[in-house]
Amino acid sequence: MIIDVTVNGEPKRLQARSGDRLVDVLRKDLTLSSLFSDCLSGRCGRCFIFLDGRLVHSCLIPAFKAKGSAIVTFEGLRESPEVREIISALEKAQAMPCSFCKTGKIMAITELLGRKPLPGEEEILEQLDMVSCPCTDPVSLVAAVGIAAELRNKRKFNRADK
Amino acid sequence: MRKESTDTLPLLSTLHFPGMLYASTIRSSVARATSVHLSHDPLPAGYLCIAPADVAAEGCSLLLSEGISLFAHADVSYKGEPIGLVVGPDAAICDELAQSATAVYEEEDPSLEWESFSSSQIAYRYEIDYGEVELAFAKSAKIEKAIYRNGIFDHHYSEPMGAIANWEYDKIAIYCATQWPTHVRQAVAAAMHIAESDVVVKPTNLGKSLDGRLWFPSIVACQAAMAAKICGKPVKILYTREEDFLYTPKQARSAVTIRSASDEQGKLQALDVNLIINIGAYNPMAQELVRQAVAAITGIYFCPAMRLEAYAIKSNIIPLGAMGSIGATHAFFSIEAHMNHLAKILGKAPAEIKMLNMMSKGSSNFGAPALGYEIPFSKIHRQLEKMSDYRRKYASYELVKKRDPGCREGVVRGIALTLGYQNGRSYSDLPMMNAYAVETTLDRNLNLVINTQASIGSDSLKAMWKASAEAALSISGEKIHFAPPNTDTAQPCGPLTLSRGASIINRLIERTCRAIQKKRFRESLPIVVKTQTKAISPPKDPSGQDRGIPVFDAASWCGSAVEIEIDRISGEPKPLAVWMVVDAGKIVSKELALSSLRSSIISALSLCTGADFDPEKGGRDQYLHDRGMRLTDVPDIGIEFIDSDKTTLAHGLGELPFITIPAAFYSALTQALGAEPRQLPLHGSEILRLLEAP
């Protein structure tokens, strides 16, 4: 079947079989290398996408369900100031995740900070728990999200670095 | 600042070569058979089924070594063992075709029993008989015997197992995430009957491996290489996460029986130990597993007489092997649990009994070289007690338990501390296990290039090594680079286990940098210095018997305290706090060391609270229920380093949590329960049963 979607702002036509998962179709048709078809059970978070603005596991979405939707993947956000701030914060806190879960964690942090400009520790851990990978210690991750939140708020409210 | 490394290749999932084919594994549906005949429906155009006969017809070997099949053909040794491949241009179609393939077997009853075993199941045996054991038992005031068991765990590593094989001009190139590139090269050369120089292994991003990628990547690499030879195209095998969970090696399970003789104060007079490690269908590192476990169980407490029999036992389940500390986790948990048992019998505090028996300067077990220095356990112990408020908490939890034995009203809590060590070497006789080499070059632009296969290691390790080079040569970190770790150009290395090889590599880097420093202003650039370790094996007496394992080579010392609370409704044990005091020599980067320890502590806690895998059951249910510790359940973690300024040598520390945390967690659990379950992990229903028992 043919599925018309918008991916990272561009209209795309995807070719899928009835049982195909959205993650597999996006990887195969559009070679989006930030997405991994890994646990296929919504636990690892390595297939996170924004589907019509909501953060979802694309491994749990049948491809046909995405018809007419707007999809944003890590590739579409990579150059945004929000994601650049998150990457810079992860580096500063020495909390850069491994290559396998990095994009999943960045997508999860992007969603959290979009919804909650100053998240608490519990909220940060709840959010990052959606990306199960033991590569990074939670203390450093919480510190990184705090730095990212600060960078974002400074930019938003036009506050210069002291 | 820690940035993502550019020295290694990206993840295997993201690598693609023109014309590349995908291969899916056809697996045995029975656990034991004496012959297997593969059959399948006609395949679509462009797809090919590779059976063992096709591999043999190409002149390749079907065995990696004795008992280890690349494809089962004459003997199936576990359910899920590879019996063939489906190769084609679409990975999803290959998966479907592999699942629909069938086979006819000459099935036999699988041997699943391992605690009582037959001689044909013994893969490796190690024995110690030292001192007057029977006499000591006959004379001793207290004789105690107990058996301790631990389960099977998944490594939860980053990327599932896989490999790409690609003929590149005159060599076969293997791309895979491995902790031991040299082993992959040797295995592929042996399987293909080609020279090792005709194989180049290009390691891909390893991520967190927790010793799950020591030797199994070699098997997948051989399969990919054979498929590439038969198809004449690059071939990629990449397991699905579920396939990886169900069919790749996990931490081995064990049963340790300890009989001890002690005097009335609790001083050990004799130990009689029977250690059985179930390695599943096979494990080429069985010797290392057993020897590391023996070193752990016999290394920490002084005992004048000891009899020990240790076995690696095969059974018809998936291969089982190392996790974190190779075999030390099982052994430490058992000996610590036994010391707690002794303390309980004698009515003393566990810490008191442990300190009474601790090895000290000049003491030696079963003829191993005497300890030439004082182990810093007393200092670690004092610091740990202070940090964790151990004495007060221990006493108050004991009091609560006495007042409310069924824990019906009060809080069900326990606290325990454990001392342990991580040694810095391997005990295996396997070739290349102990061979580490580094070549360092200071070039004309004053760039320092460190060439070693160990650069497959984590960014934290590389940051530590960089810092050592930076300090030795006073050059900026930006000028220090690691050469790509491929086997054609990088200096060969033994397995880069969790952190065991790390301290050896650090010393070699320091040694090469010091040599460069001496030559730096006398010789013209570039200056190249190479150094390597000597192969070492356990010392032997004149009759050829092992003289005991020198357990404290380049050791790091630590103590861990764990405080837990049992949920009175679900029975699940929840860690409340963890404290660690570490003496690992010089700490090159405190932030990175803290971060590495914190993440290893979480993985080690997962061993205590997670689901243990039952390979006899298999199945998707276990896969769906398996996950590491939730970040929201991670307890407060306090870590302190001691004496890091008293030495210039840095030792590995990443395995310390795997060695001490399960033992401390179990000990805390026994205090909370007032019972000795003698197994790990332990879950809600069993805990509630123990709590409610009279």
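## Where the chains touch

The contact draws 28 residues from chain A and 30 residues from chain B, with two residues counted as in contact if their C-beta atoms, placed from the backbone, lie within 7 Å. On the side of chain A that touches chain B, H5(A) gives the most, with 4 residues. That side divides into 13 nonpolar, 7 polar and 8 charged residues. Here Ala, Val, Leu, Ile, Met, Phe, Trp, Tyr, Cys and Pro count as nonpolar, Asp, Glu, Lys and Arg as charged, and the others, Gly among them, as polar.

This is a predicted model: local features need pLDDT of at least 70, side-chain atom pairs count only at pLDDT 80 or more, and totals for chains, interfaces and linings use all residues. Residues are numbered from 1 along each chain as its sequence is written, while chains are lettered from A and ligands numbered from 1 in the order in which they are written.

## A sheet in chain B

Chain B has an open sheet of 6 strands, ordered E8-E17-E16-E15-E9-E27, with mixed pairing. Strands (E, at least two residues) and helices (H or I, at least four) are DSSP runs numbered from the N terminus, and two strands pair if DSSP finds at least two bridges between them. Its edge strands each pair on one side only:

| Edge strand | Residues |
|---|---|
| E8 (chain B) | 122-130 |
| E27 (chain B) | 679-680 |

E9(B) and E27(B) run parallel, joined by 2 bridges, and B:Arg149 stands opposite B:Gln679 in E27(B).
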